[in-house]
Amino acid sequence: MSTLAANKPAYDGQTLDLTGKSGLRAFKDTLATVLIVLAFVVALIPLLWILWTVVSKGYHLLLSADWWNQSQRGVTVRREGGGAYHAIMGTLIMSLITAVIAVPIAVLGAVYLVEYGKGTKAARVVSFMIDILTGVPSIVAALFIYAVWITMFGFNRVGFAVSLSLVLLMLPVVLRSTEEMLKLVPDELREASYALGVPKWKTILKVVVPTAFGGIITGVMLGLARVMGETAPLLILVGYSKNINLNPFDGFMGALPTMINQDRTELALQPAADRVWAAALTLILLVLSLNLLARLIARFSTIKSK
Amino acid sequence: MAKRIEVSGLNVYYGDFKAVEDVSMTIEPRSVTAFIGPSGCGKSTYLRTLNRMHEVIPGARVEGKVVLDDQDLYAPGIDPVAVRRVVGMVFQRPNPFPTMSIFDNVASGLKLNGVKDKKKLTEVVEQSLKGANLWNEVKDRLDKPGAGLSGGQQQRLCIARAIAVEPEVILMDEPCSALDPISTLAIEDLIEKLKDKFTVVIVTHNMQQAARVSDQTAFFNLAATGKPGRLIEMGPTKQIFSNPGEKATEDYITGRFG
């Protein structure tokens, strides 16, 4: 008699018991469920806490129209009033310039890595460099631009210099996410296009990139969200200005992170504290609305299903 | 339309690995030629050399001649993109472009090659969909996504897309292997109809299908795993299935293989 047959439970003459889990298995199941839910809740606590603190302390200044169309010009630490228009515009302008420079380089770089350079030495070098760039701290990027823009070329500290350093931070984020999205496009679609006699560049432009478009936009928004909150480049490459300055090539410029930093030391004073929380909330809202916008763009760019 | 293909001394490689060895055959115009053989014998690989799709895989290359209408497709100076406009292809899994509507999918070959004339496009789309026996099922929802159709409809959409660019030859790589019997029947009816205008080459694992749709059948086999695939014999389908010249062919089609 083989051991296998010997170990087999004898069902002869018995009815099969298919009800319920055994005690140990039910226990393990419950334990795992509890742990997973717990981990989720623990991860959620800081997020909700931050949101609650920022919203509850910052919301009332956002309700006034002044906040959205006034600057902090002439407003001292102890005084109430003024708005964040200068900082919102500064953040938007600098981020926009960053995106305009970084996104084309990142997307074209990703297209090179996935569609043309696959497996070549050049692609490996580029990929390695991008990995290094991902790890560069924002203050190092800022100091590098300082060394080039101000020490070497002798230009002034202006908003554009901030954008240049932010490009270094945004580029790897967008490139990596675009690369992943392009990799997800099945080769069958590329082959279907080739089989119609469509050249490779047109296949990439009209078939591959549109298929990955939603994901690429998401990556761009992630990159933007990252650079909008960066503070070190602002501190090093452009001074904080309470006045409205919409020219990125001349003079100091306000931005939301530096506006928060400005009154940071005066949190004991109520007007200053209010401004700090309100600026923080504005920054969060800005990132959030850009995310929503990105989702809308991604949704309407693909054709509606059903 | 429809052209004769003459292949001589064709070797196909993936890097250093020789996948197909020394194939010579003539594929007649306005007929259906079926390639049969066990998995891994190189029939799909060989099919892809007929429109230079093989070389999109890194390291893949080809030796020998594929002559279409007195022109060697592998002669220097021949543009693979131009070849693929003349020799279209339908793949194993239906692959409509997910970002495009049914209309745009069919029109994609023309649109991506620069045809903008709306009237011409509408005409071609209707003709192609009718040619692919799909018009009646989709004529009311041309603006809906192609990916929303059933698998069989998607495959006919892909065939419509392939015939919209008016190729001379249509290559089909196991076009029914992902489809149910009813959709398969629809595709087989379509193949029967396509051969009035096109030269059709089809790879299939389904022997009955080869017997039903093809005029000529080519049997591929490989000596052992790791060895290159070879063309064992080719002839009129009736003869191959009733009175094959080689023992291996007979074993394969009667299911006594291996």
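This is a predicted model: local features need pLDDT of at least 70, side-chain atom pairs count only at pLDDT 80 or more; totals for chains, interfaces and linings use all residues.
Residues are numbered from 1 along each chain as its sequence is written, and chains are lettered from A and ligands numbered from 1 in the order in which they are written.

User: How many helices and strands are there in chain A?
Analyst: Helices (H or I, at least four residues) and strands (E, at least two) are DSSP runs, numbered from the N terminus. Along the sequence, the pattern of chain A is α-α-α-α-α-α-α-α-α-α-α-α. The count for chain A is 12 helices and 0 strands.

User: Is chain A compact or spread out?
Analyst: The C-alpha atoms of chain A fill a box of roughly 95 × 60 × 45 Å along the principal axes. The globule rule is 2.2 Å times the number of residues to the power 0.38, and the radius of gyration is taken over C-alpha atoms. For the 306 residues of chain A the rule gives 19 Å, and the radius of gyration, 27 Å, is well over this, so chain A is more spread out than a compact globule.

User: Which feature does UniProt place at residues 88-294 of chain A?
Analyst: This span is 77% helix and 0% strand, and its end C-alpha atoms lie 19 Å apart. UniProt positions are in the numbering used here, feature names are shortened, and annotations may be inferred rather than shown by experiment. The unreviewed UniProt entry gives the feature as "domain: ABC transmembrane type-1".

User: Why do helix 5 and helix 7 of chain A count as oblique to each other?
Analyst: Angles run from 0 to 180 degrees between N-to-C directions, and axes are lines fitted to C-alpha atoms, for helices over the stretch in contact. Angles under 35 degrees count as roughly parallel, over 145 as roughly antiparallel, 65 to 115 as roughly perpendicular and the rest as oblique. Helix 5 (residues 121-134) and helix 7 (residues 159-184) of chain A pack with their axes 9 Å apart, at an angle of about 125 degrees. The two helices of chain A are therefore oblique.

User: How is helix 7 of chain A oriented to helix 9 of chain A?
Analyst: The axes of helix 7 and helix 9 (residues 200-228) of chain A lie 8 Å apart, and the packing angle is about 155 degrees. Helix 7 of chain A is therefore, relative to helix 9 of chain A, roughly antiparallel.

User: How many residues does each chain give to the contact between chain B and chain A?
Analyst: Two residues are in contact if their C-beta atoms, placed from the backbone, lie within 7 Å. The contact takes 25 residues from chain B and 21 residues from chain A.
On the side of chain B, the elements giving two or more residues are helix 2 (80-86), strand 6 (87-90) and helix 3 (102-112).

User: Which element of chain B gives the largest share of the side that touches chain A?
Analyst: The share in question is 4 residues, and the element of chain B that gives it is helix 2.

User: How does the radius of gyration of chain B compare with the globule rule?
Analyst: Chain B has 10 helices and 10 strands. For its 258 residues the globule rule gives 18 Å, so chain B is as compact as a globular protein of that length, with a radius of gyration close to the rule at 18 Å.
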